[in-house]
Amino acid sequence: MERAIVLGATVIAFGLLLGLSALGAGIGDGLVSSRTVEGTARQPEMQGRLFTLMVIGIGFIEALPIIGLGLGLFLIFANPLLSQITGK
Amino acid sequence: MIGLPLLQIDVNHPTVNIAGLDFNTDTIRNTLIVCGLLLILGAILRSQLKVGVPSQLQNATEAIIDYINNLTEETLQGRNIALGPLAITLFTFLLIANWLGLVPGFKSPTNDWNTTLGLALMSFVLVQYFSIRSRHLGGYFKHLLLVPPYFPLTVIDELAKPITLSFRLYFNIFVGELLLTLIIVLIPTWISWLPGAAWTLFSLFIGAVQAFIFTVLTVSYIAIATGVEEEHG
């Protein structure tokens with residue numbers, strides 16, 4: 001019974017972790033890209049430098065959901081909470 | 001590993017114990033493979049070097065080197081530091097290292113926190129070294145104690161840089177390879193090539209972007225640390 005509760009809670013936590021981090025990163029990516037498009041429309045000659053900055057920004061933002069995904073996979077596949085109960 | 005028994009994926013590195021220290025053999029082997037690839041690439045490029053019409057390989061390499069070099073000089077404008085070679089070495093090493101994990105049978109050396117933390121510590125030491133060199137020891141401590149109550153925060157800020165720098169690269173590559181394994185294990189074989197190919201393409205992009213970010217951040221941390229008396233807002 002305890003095992004089932006922990007497993008269910010872990011899966012819910014995984015869903016929340018992945019969903020919320022993807023939501024935030026999606027909003028962030030959208031903001032960065034839209035501002036880059038605006039900037040390029042205003043000053044087309046700046047496109048090269050703006051694109052570099054955009055890629056750096058997107059790299060920063062994309063790192064967060066991927067770190068979240070790593071922690072979530074750790075929760076699922078090497079569950080530290082479950083081992084508290086089973087005592088292994 | 002505890003958890004779902006069907007999906008036991010081994011992410012631990014095989015280690016060998018020498019003189020009380022654990023060495024991850026696969027990471028060391030793959031790092032040496034990347035170094036060997038870079039050396040061979042350098043030797044081939046050196047033997048084909050031409051002044052007239054360059055070969056395609058020479059063209060591509062020159063484009064990368066020019067790009068990173070210009071970026072470094074733009075970031076470090078006015079400072080008497082030559083960081084171009086370091087930035088180019090870091091970028092090419094990380095690029096080949098990140099992409100090596102996408103070749104079946106190989107794993108990225110950056111798949112191991114030890115590699116990325118080592119590189120990040122190198123950049124941390126460089127930042128402190130250039131900071132002391134440009135401001136001298138007195139100026140260095142004056143900079144740390146600019147607002148005395150914030151001294152702990154400044155120290156934490158400095159110490160957090162290598163940690164975030166290494167975690168960003170490590171987790172991106174580690175999760176990328178883990179997901180590739182998971183796609184093969186979890187998805188039926190007749191369709192698994194589709195998400196597999198999509199994720200591989202995305203991993204190519206991620207690997208290049210993360211190598212680029214690591215390089216740019218190292219350079220810009222040094223640029224911030226050697227700034228000529230900038231305002232602290």
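In chain B, helix 4 (113-144) and helix 5 each supply at least two residues of the lining of the second largest cavity. Helices here are DSSP runs of H or I with at least four residues, strands are runs of E with at least two, and both are numbered from the N terminus. The model is predicted, so local features need pLDDT of at least 70 and side-chain atom pairs count only at pLDDT 80 or more, while totals for chains, interfaces and linings use all residues. Residues are numbered from 1 along each chain as its sequence is written, chains are lettered from A and ligands numbered from 1 in the order in which they are written, and side-chain values use heavy atoms, with hydrogens and water left out.

Chain B has six helices and two strands. From the N terminus on, its elements run β-β-α-α-α-α-α-α. Along the principal axes, the C-alpha atoms of chain B fill a box of roughly 65 × 60 × 40 Å.

Rolling a probe the size of a water molecule over the atoms shows where empty space is left. A cavity is a set of points, on a 1 Å grid over the protein atoms alone, where a 1.4 Å probe fits but cannot get out, and its lining residues have an atom within 4 Å of a point. Grid points are joined across faces, edges and corners, and a volume is the space filled by probe spheres set on the points. The structure holds three cavities of 30 Å³ or more.

The second largest cavity has a volume of about 50 Å³. Helix 4 of chain B gives the largest share of its lining, five residues. Among the lining residues are B:Ala120, B:Phe124, B:Glu158, B:Lys161 and B:Tyr221. By class, this lining has six nonpolar, two polar and two charged residues. Ala, Val, Leu, Ile, Met, Phe, Trp, Tyr, Cys and Pro count as nonpolar, Asp, Glu, Lys and Arg as charged, and the others, Gly among them, as polar.

The largest cavity has a volume of about 100 Å³. Of the 13 residues that line this cavity, B:Leu102, B:Asn172, B:Ile173, B:Gly176 and B:Ser203 are the closest to its centre. Helix 6 of chain B gives the most to the lining, with five residues. The lining divides into six nonpolar, six polar and one charged.

Chain B also meets chain A: 23 residues of chain B are in contact (heavy atoms within 4.5 Å) with 21 residues of chain A. The two chains bury about 2000 Å² between them, 81% of it on carbon and sulfur atoms. Buried area is the accessible area (1.4 Å probe) that two parts lose on being put together, summed over both. On the side of chain B that touches chain A, helix 2 (56-75), helix 5 (151-186) and helix 6 (189-225) each supply at least two residues. That side has 18 nonpolar, three polar and two charged residues.

Over all chains the count comes to two salt bridges. One of them joins the side chains of A:Arg35 and A:Glu38 (3.8 Å, N to O). Both residues lie in helix 1 (residues 2-42) of chain A, three residues apart, about one turn of the helix.

How values were computed:
On a 1 Å grid over the protein atoms alone, a cavity is a set of points where a 1.4 Å probe fits but cannot get out, and a pocket is an open set with protein on both sides within 12 Å along at least five of seven lines; lining residues have an atom within 4 Å of a point. A salt bridge is a side-chain nitrogen of Lys or Arg within 4 Å of a carboxyl oxygen of Asp or Glu.
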